[in-house]
Amino acid sequence: MTNDSPLSQSQLRVLKRLFPEDGLLLSPEETLIFGTDRSKKFAAPAAVVRPESVEQVSELLAFAHAERIPVSSRGRGTNSVGGCVPDRGGVVLCTARLNSILEISSSDFVALVQPGVITGDLQEACAAKRLFYPPDPASAKFSTIGGNLAMNAGGMSAVKYGCTKDFVLGLTLVLPGGKIIRTGSRCHKDVAGLDLVRLFVGSEGTLGFIAEATLKLLPLPESQASLLVAFASQELALNAAAAVFAAGLLPTAMEFMPKEVLEALANVGLTPWPASAHTSLLFKLDGSEGSVTAELALLRGVMESFSPVFLDVALTPDKENGLWEVRRQISQATSTIAPNKFSDDIAVPRGKVGEAIERIRAIGEHAGIKTLVFGHLGDGNLHVNLMYDASNEDEARRAQAAKAEVLEMALSLGGTISGEHGIGLNKVGWLPRKAGDDAVALMHQIKAVFDPHGIMNPGKAY
């Protein structure tokens, strides 16, 4: 992609004044990494700024608004759909120096944080005070709160606790033009006026800049446990999973790994289950010590009623980490199947998961490519990997066509084109198919209210 907005000398002089010394990066060597994210898409920014205060951000957005300069916000670049790629050039607003945990309140059960705070660091700081911030995207150890807010990140615990939006009470926002507004509050219940907090969470940086967030905290669970179980067939695994909810259990996490994933994991030496294992489920429970003990016994009983070929329970942090390492290694294991992949995170109604997986397999077989599907079974969020070799043009074309078929299939089942990763650049053309032209037109109108010149992360989502 080309840079559509090179900066004039006068514009550069203003940026140098606003961001002295290493607060402004201009050379291609310095700015290169800020032009991409985990999607591997790339567009060169004209400049990168690293503000250290809300006031600096306000001055930047006042200047960019007046000069019609595109601004793309960026944390650690873990986004997988091109959400922070500066598609129209302009300025990348890096949150690396807005990285303070300003407050953790044990009395109000809130945390006040800047967008550059690493999610895992916040969770550890809360745990030290016996408090709990539940959202746990797979990238929690290195992704930032700002990125989680922009994309409304989910994670493995979403089945019990929900997504990022469910833990945001208030925001400090900087709008194009430089105005600073505060919406929401520290209250766990607040229904005064339109919910601008929910509007901004998941808006992918297209409406304004989130400078601070007031996040809801919970008491830290006293105890937790995990269970890894494998079955001889996918049907048994899905029936067992359905029986968990029927038994009145709500696991913290319930992950699904079918045969193709188990085979890939075997390639990297992760095979705790026997050769007869076809599909695996991984659960986490949390709560009081008594409730976890009782729920684990019930969960184990439900699993054993479906004749698993493997079952392992973890009651200590080290043992739990070992079980969850299997899940964390899936992305690495996919590289043993093919050098390249198209990844999508569709979601379908819970009762349609089995049908969706079979249809994805059929799409892959018809295209002559391998598919690996896994994900958050408890909420129907499936990660679809279409494996191919980019050096084979025909195979790459078939994989691209299969990707479109997968998205169409998800919609046909009453599902969605993204459960937690967002739209970004990768799926921007699909939003009208999901939401409808009238709804997308309304999104455009809402964006125009906040960002009349279209400078905030242009080209994304809507």
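Of the 462 residues of the protein chain, 54% count as buried. The model is predicted. The chain holds 16 helices and 18 strands. Its radius of gyration is 23 Å, close to the 23 Å from the globule rule for 462 residues, so the chain is as compact as a globular protein of that length.

**The chain as a whole**

- The C-alpha trace spans about 70 × 60 × 40 Å along its principal axes.
- Take the contacts with a separation of 6 or more: residues 24 or more positions apart account for 73% of them.
- The protein chain exposes about 19200 Å². Carbon and sulfur atoms supply 52% of that area.

**Helix α1**

- Helix α1 covers residues 9–18. Its buried residues are Gln 11, Leu 12, Leu 15 and Leu 18.
- Seen down the axis of α1, these buried residues fall within an arc of 125 degrees, so they line one face of the helix.
- An α-helix has 3.6 residues a turn, so residues three or four places apart point the same way.
- On the other side of α1, Gln 9, Arg 13 and Arg 17 are exposed.
- What covers the buried residues of α1? The cover includes the strands β1 (24–25), β2 (47–49) and β4 (91–94), along with helix α3 (54–67).

**Helix α11**

- Helix α11 has 12 residues, 317–328. At 1.5 Å a residue it should span 16 Å, and its end C-alpha atoms are 15 Å apart, which agrees.
- Which residues of α11 are buried? They are Glu 320, Leu 323, Trp 324, Val 326 and Arg 327.
- Viewed down the axis of α11, the buried residues fall within an arc of 130 degrees, so they line one face of this helix.

**Asn 148**

- Asn 148 is found in helix α5, which runs over residues 145–151.
- Is Asn 148 buried or exposed? Asn 148 is buried, because its relative accessible area is 5% and buried means under 20%.
- Leave aside the neighbours within four places in sequence. Asn 148 is then in contact with Thr 119, Pro 137, Ser 143, Ala 153 and Thr 164.

Definitions and conventions: Residues are numbered from 1 along each chain as its sequence is written. This is a predicted model: local features need pLDDT of at least 70, side-chain atom pairs count only at pLDDT 80 or more; totals for chains, interfaces and linings use all residues. Side-chain values use heavy atoms; hydrogens and water are left out. Helices (H or I, at least four residues) and strands (E, at least two) are DSSP runs, numbered from the N terminus. Buried means under 20% relative accessible area, exposed over 50%, partly exposed in between (1.4 Å probe, protein chains only). Contact means heavy atoms within 4.5 Å. The expected span of a helix is 1.5 Å times one less than its number of residues. The arc is that of the directions from the helix axis to the C-beta atoms. The radius of gyration is taken over C-alpha atoms; the globule rule is 2.2 Å times the number of residues to the power 0.38. Accessible areas come from the Shrake-Rupley method with a 1.4 Å probe; for residues, only the protein chains shown count as cover.
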